[in-house]
Amino acid sequence: MERLFHILSYSICMSFTKFLVYLLLTFFSVIELKAQIHCGLVEIVPNTTVNSLLTFDNFTSYGGGMIMNSVAKIRIRVQDKAVVDPLCSWSLIMIVDNNPGGGTPANEWEELLQYGSGSGVNPPITEMEVRVRNSCSTSPIDGVFQAFTNNGDIIDIITPLLPVTPAGSCALNVNGPGDYLSNYDEFNFDIDIRVTPNFNYNPGIYQLNVRFHLEENP
Amino acid sequence: MKKLSYLCGALLMFGATANAQLIDEKDVTVTMDLQPVLQLDMSTPDQIEFVFDEINEYYAGITKYGATQLRVSSTVSWDLYAVGRSTGTNGPEYWDQQLEYGNNNPNAIPNLPLSLLELRQAQANNGAAAAGGTYPDYSAAFSPSNTPSGQNSLYVNGGTSTPPSTNDKYIGGHAGTSGIPGDDFLPGGSYLTQTGITSNYFYVIDYRILPGLPAIFPMAAQADGTIAAANPLNDIESANAVGNYAEPGVYTMYVQYILLEDQ
């Protein structure tokens, strides 16, 4: 009986020691990682995928190109925590993706279907241009069409790690807490897309994905 | 127990990572549908008439300058060719005889080859560098009436619209899909965006018919236009017998212009 008591107490002690070790590890890891969180909420509203189709079936659109204005609206909401952290700020970037896992060359649109003999070349990613704009022109690239070159290329809309520029200033690089409901001109970004294929590429159906990535600054 | 401990640790670490910087994302997927467009605009009379009622017209032939203008717009690499066709009343490679004049002299042949019609394009074919024949296009000047030549003779292929081979004539581009611009195709483009007095997307076509005397149509040739013992001209005498000539009458045929993606 005494021996059993010793075994039990030893097990409890060991379990308790292990528990303490885990508790300490968890505590430090959580404290260390959660130290990066300055904001209470960071989100794009809505964050559902937008699909747009550009159909080129006449010479006007081939030669002159097609623009889809406001193909998407990136509406941002960034809120402070209950205890306000003055370091709460955010960045917004866009990343192009052509599904390289499917065998797409790095600099081309993903081919979904090809028409005709396919004796020409597939359109390069540079054929798609993206324009970002809002009323306060808060992005340095506001109103100017930008082009990606290769899969994974990044274009900054609001560059990461900038000093905090508070909302309501209607200035360049506004990245403080706020949302599109109270500061629409700074927290809403209209996205325009332009494609001008001219007469150089294989006819077919092609696809590209642009990912808008909102993240709080560490 | 040890494994469970590791699992608990991993879960705790994962939980901690998920609670790091706040992130949200939104995707915009752009799909582009490039539909092929090939457009051939043609300005030409509904009917081009050649009336031979003077001796000098038989000797010198009748030429219709600039009777047809072809304008090309294409979003893909392309070839353009002309082919002689008829409804086949007298056979697939002959003009349709609508009416005959005079008596039925056995030497008067009603089967006039479609290839007796000659074409001349004002703008040379700049997409035929890899052509294998003697005459890659119809850009040569009409040859004198006393020098029979098939260099402008219209391409005919058994009354079908089958594309010419590498030895035959194209107006723009040529047979083959080398992928090298200028070798066997002309790249996509449109006459609308071209400047200057010449363009690979704009062709002016002249027509000539030269019956000769006797009316044997000496310029009619085989598809590749060359003349050899094994490949003689296609005139009335060569195709039939010495002493034969074209039966007087009214004949019709048509020229089909075909614009297609590089073949």
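Predicted model: local features only at pLDDT ≥ 70, side-chain atom pairs only at ≥ 80, totals over all residues.
Local features need pLDDT of at least 70, side-chain atom pairs count only at pLDDT 80 or more, and totals for chains, interfaces and linings use all residues. Residues are numbered from 1 along each chain as its sequence is written, while chains are lettered from A and ligands numbered from 1 in the order in which they are written.

Chain A contains 3 helices and 11 strands. Helices (H or I, at least four residues) and strands (E, at least two) are DSSP runs, numbered from the N terminus. Their order along the sequence is α-β-β-α-β-β-β-β-β-β-β-α-β-β. Chain A has 218 residues, of which 30% are buried (20 or more other C-beta atoms within 10 Å of the residue's own, with C-beta atoms placed from the backbone). Among contacts in chain A with a separation of 6 or more, 70% link residues 24 or more positions apart. A contact requires C-beta atoms, placed from the backbone, within 7 Å.

The contact between the chains draws 61 residues from chain A and 40 residues from chain B. On the chain A side, several elements supply at least two residues each, including helix 1 (2–34), strand 3 (66–80) and strand 10 (188–195). Strand 11 of chain A gives the most, with 13 residues. The chain A side comprises 35 nonpolar, 19 polar and 7 charged residues. Here Ala, Val, Leu, Ile, Met, Phe, Trp, Tyr, Cys and Pro count as nonpolar, Asp, Glu, Lys and Arg as charged, and the others, Gly among them, as polar.

Strands also pair across the two chains. Strand 2 of chain A and strand 1 (residues 23–34) of chain B run parallel over 7 bridges; pairing requires at least two DSSP bridges between two strands. A:Ser52 stands opposite B:Val30 in strand 1 of chain B.

Methods
Contact = placed C-beta atoms within 7 Å. Buried ≥ 20, exposed ≤ 12 C-beta atoms within 10 Å, placed from the backbone.
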